[in-house]
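Welcome! Please take a look at the sequence and the model below, and then we will walk through them together.

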Amino acid sequence: MDALQLDFTHPPRRAVPMAWVLLVAGAVTFATAADRHADLGDKAEHLNDKIEKLQRRAKSATPVRRQAEAAAKEEGARKENQLLGQLESPWDDRLKAVASAADESVALLDFSLDAVAAKARIVAEAKNIDDALAFVARLRQTGRFDQVTLSRHESRKSGGVDVIGFNLQLSWRKS
């Protein structure tokens, strides 16, 4: 029988070149991923700092915002009281003055009122310019208006009849 020869040592193997290529590729990939991870961590930290700063600013701005809202409400209430005061002025007397100054020679077409500015505008027609000027004089004589101004007039036909169309501006002192 032949003797069995057992040799537990193997001759060293030579590394395969492909293994070295894969090892280098893996190291480069790992380095790239680690760099990207570090960049994203820095960005996240920067954004968290910004969030904290904005939250602190929002908390400190809340009292200022409340003060501004309170001031706006106060201003609105003041204007509302001013308008109510103007609405309580003698409108009936002013409207009655306009109605009493008008006669059959004057036709009132439009009456617009601006209570805040204490002004009114009248659009009317008269048979002739003398009737329009007489209407203006009657409005001035009522004493309800500080100023009565004939702002515009024109000759035109209305229903086949020649008339004078005119605009008046009325103003008074605010109470």
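How many of the 175 residues of the chain, in percent, count as buried? The share is 19%, where buried means under 20% relative accessible area with a 1.4 Å probe, counting protein chains only.

## About the model

This is a predicted model, in which local features need pLDDT of at least 70, side-chain atom pairs count only at pLDDT 80 or more, and totals for chains, interfaces and linings use all residues. Residues are numbered from 1 along each chain as its sequence is written, and side-chain values use heavy atoms, with hydrogens and water left out.

## The overall layout

The chain has three helices and four strands; these are DSSP runs, H or I of at least four residues for helices and E of at least two for strands, numbered from the N terminus. Starting at the N terminus, their order is α-α-β-β-α-β-β.

Contacts are heavy atoms within 4.5 Å. Among those in the chain with a separation of 6 or more, 57% are between residues 24 or more positions apart.

## Strands side by side

Let's turn to strand β4. Eight of its eleven residues are buried, so β4 is mostly covered. Strands count as paired if DSSP finds at least two bridges between them. β2 and β4 run antiparallel and are joined by eight bridges, while eleven bridges join β4 to β3 (residues 147–158), also in an antiparallel manner.

β3 and β4 form a hairpin with two residues between them, and Gly159 in the turn has a positive phi of about 65°.

## The nonpolar core

A nonpolar core is a set of buried Ala, Val, Leu, Ile, Met, Phe, Trp, Tyr and Cys residues joined through side-chain atoms within 4.5 Å. The largest one here has 20 residues, and those with the most contacts inside it include Ile122, Phe135, Leu139 and Phe166. Two or more residues come from each of α2 (91–101), β2 (119–126), α3 and β4 (161–171).

Beyond its neighbours within four places in sequence, Ile122 touches Val98, Leu108, Leu139, Phe166 and Leu170, among others.

## A buried charge

Which residue of opposite charge has the side chain nearest to Asp131? That is Lys127, 6.1 Å away. Asp131 is buried yet has no salt bridge, a term for a side-chain nitrogen of Lys or Arg within 4 Å of a carboxyl oxygen of Asp or Glu.

Asp131 sits in helix α3 (residues 129–141). Setting aside neighbours within four places in sequence, Asp131 is in contact with Ser105, Val106 and Ala126.

Conventions: Buried < 20%, exposed > 50% of the residue type's maximum accessible area, 1.4 Å probe, protein only. Lys, Arg positive; Asp, Glu negative; His and termini not counted.
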